[in-house]
Amino acid sequence: MDRTVKPRLVVVGNGMAGMRTVEELLKLDAGMYDITVFGAEPRVNYNRILLSPVLAGDKEADEIVLHTREWYVENNIALHAGDPVVAIDRQRRIVRARSGLEVAYDRLLLATGSSPFIVPVPGAQLDGVVGFRDLDDVDRMLAAARRGGSAVVIGGGLLGLEAANGLLRRGMAVTVVHLTDSLMNQQLDPQAALLLKAALERRGLRILLGAQTEAILGASRVEAVRFVDGTEAEADLVVMAAGVRPNVALAREAGLHVERAIVVDDTLQSYDPRVYAVGECVQHRKATFGLVAPIWDQARVCAAHLAGLGHRRYVQQATATKLKVTGIDLYSAGDIVGVEGSEDLVLRDRRAGVYKRLVLAGSRVTGAVLYGDVADGPWYFDLIQRGTDVSSFRDRLLFGPALCEAA
Ligand SMILES: Cc1cc2nc3c(=O)[nH]c(=O)nc-3n(C[C@H](O)[C@H](O)[C@H](O)COP(=O)(O)OP(=O)(O)OC[C@H]3O[C@@H](n4cnc5c(N)ncnc54)[C@H](O)[C@@H]3O)c2cc1C
């Protein structure tokens, strides 16, 4: 390739997926592209996962920065932070930002992430209703917490519980409202969810299960939340943590193939061979993504293809999750529902507050739910990912690697 005229790579989205892909690309070939990054947020890239510890007071915002301004300069990356891309002209191969700035590309990387799903109930637009996605959301929650009062968190999944824990730690009275009758129902089975609920209630959270929000009440700002059964909960702050929606409007308007998210193939290429996409804005073989582990894999594959080393294919893997609430040990990995013919191995020690359930399909572990004692989580996750035949130590499996490896 003629190194005097570099091809231009434009990245839309200065978040975890986009910048991880750029990092991987720089490792493969630092001088290959002229890189321009547009970010809707008026700041550098930070570790979004650590918004929860920032909210809870365990970290400061400047401790979660992943790439400093100097890093962009050192790597010759033109960063336009606080200037979202508003249009893509695929014929002319140009993106246009809100400021009017137009930048031409040879390759375009879409990494626009997701936005919180705002449950469409009356009052959802009132002042005091926030999502939990970026540092501005955390600032809004912290400002509310400084005024004191009560918060209602809509959604008892991972994000909702981390938001609720943070607000509780900041001194608010917090109610978590969850539609189904079991917390974190995507990662936990009802037994583990019951233990979790009891532990959170002991800390002072109020938890309403099977509760459906009907309206958010207030004259100019939030005052209360009303449920379908007619009951109400006071609220000075409402946090919407009831799922996310991939940010796909830009791609859709540019005529790319979009279903629930931007459809990509195994090389993270969209319908247009010049346009790649990674992260929560993509759909790969019907799946969308909400954790960073698969996104890191996507970044590696996408970077290899952007670097012209087209030998990698993205393959979906099992994922594992933890709840980032200090003092609560919970680990969930793989498929915890199981398929027809799956078997469960269960260990339950109520007094010690320990619960372990492994899901087996034939002689392989396919899922694990651990509560109270999670030390062996990564080992079970490894068995799941490798598809290890566990038949020779199945009877000791629940007691962890030391006993099994001895077998
Ligand atoms: C509070 C919280 C806790 C989490 N905890 C965990 C965890 O424990 N473990 C885990 O694996 N995952 C966790 N996640 C999920 C993880 O953070 C995401 O999966 C990851 O950030 C997705 O990366 P992304 O780049 O696709 O999206 P993002 O990181 O959201 O980045 C997308 C960026 O694109 C920008 N953008 C959007 N549209 C445009 C546009 N038109 N022009 C320019 N920029 C645009 C957005 O403003 C955003 O900055 C957590 C998420 C949150 C919010």
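## Around the ligand

The shell around the ligand is made up of 16 nonpolar, eight polar and five charged residues. In this sorting, Ala, Val, Leu, Ile, Met, Phe, Trp, Tyr, Cys and Pro are nonpolar, Asp, Glu, Lys and Arg are charged, and the others, Gly among them, are polar. Before going on, note that this is a predicted model: local features need pLDDT of at least 70, side-chain atom pairs count only at pLDDT 80 or more, and totals for chains, interfaces and linings use all residues. Residues are numbered from 1 along each chain as its sequence is written, and side-chain values use heavy atoms, with hydrogens and water left out.

Which of the 29 residues around the ligand come nearest? They are E41, R48, R133, E280 and K324. A residue is near a molecule if one of its heavy atoms lies within 4 Å of it.

## Where the shell comes from

Four helices and strands to look for are α1 (16–28), β2 (34–39), α2 (51–56) and α8 (292–306), and each gives the shell at least two residues. Helices (H or I, at least four residues) and strands (E, at least two) are DSSP runs, numbered from the N terminus.

Domains come into the picture too: domain 1 (8–115 + 244–306) and domain 2 (129–240) each put at least three residues into the shell around the ligand. The domain bounds come from an automatic or database domain assignment.

Now zoom in on some atom pairs. A polar contact is a pair of N or O atoms within 3.5 Å; within protein, one must be able to donate a hydrogen and the other to accept it, and residues adjacent in sequence count only if both atoms are side-chain atoms. M16 uses a backbone N or O atom, 3.3 Å from an oxygen atom of the ligand. A40 also uses a backbone N or O atom, this time 2.9 Å from a ligand nitrogen atom. With R48 it's the side chain: one of its N or O atoms is 2.7 Å from an oxygen atom of the ligand.

How much of the ligand does the protein bury? Taken alone, the ligand exposes 990 Å², and the protein buries 90% of that. Accessible areas come from the Shrake-Rupley method with a 1.4 Å probe; for residues, only the protein chains shown count as cover.

## The whole protein

Zoom back out and you'll find 10 helices and 25 strands. The radius of gyration is 23 Å, close to the 22 Å that the globule rule gives for 407 residues, so the protein is as compact as a globular protein of that length. That radius is taken over C-alpha atoms, and the globule rule is 2.2 Å times the number of residues to the power 0.38. Along the principal axes, the C-alpha atoms fill a box of roughly 70 × 65 × 35 Å.

Of the 407 residues, 51% are buried. Buried means under 20% relative accessible area, exposed over 50%, and partly exposed in between (1.4 Å probe, protein chains only).

Start with the loop between β20 (282–284) and α8, where R285 sits. R285 isn't a glycine, yet its phi is positive, near 45°. K286 is in the loop between β20 and α8, and has a positive phi of about 75° without being a glycine. Are they buried or exposed? R285 is exposed at 62% relative accessible area, and K286 is exposed at 60%.

G15 is buried, at 9% relative accessibility.
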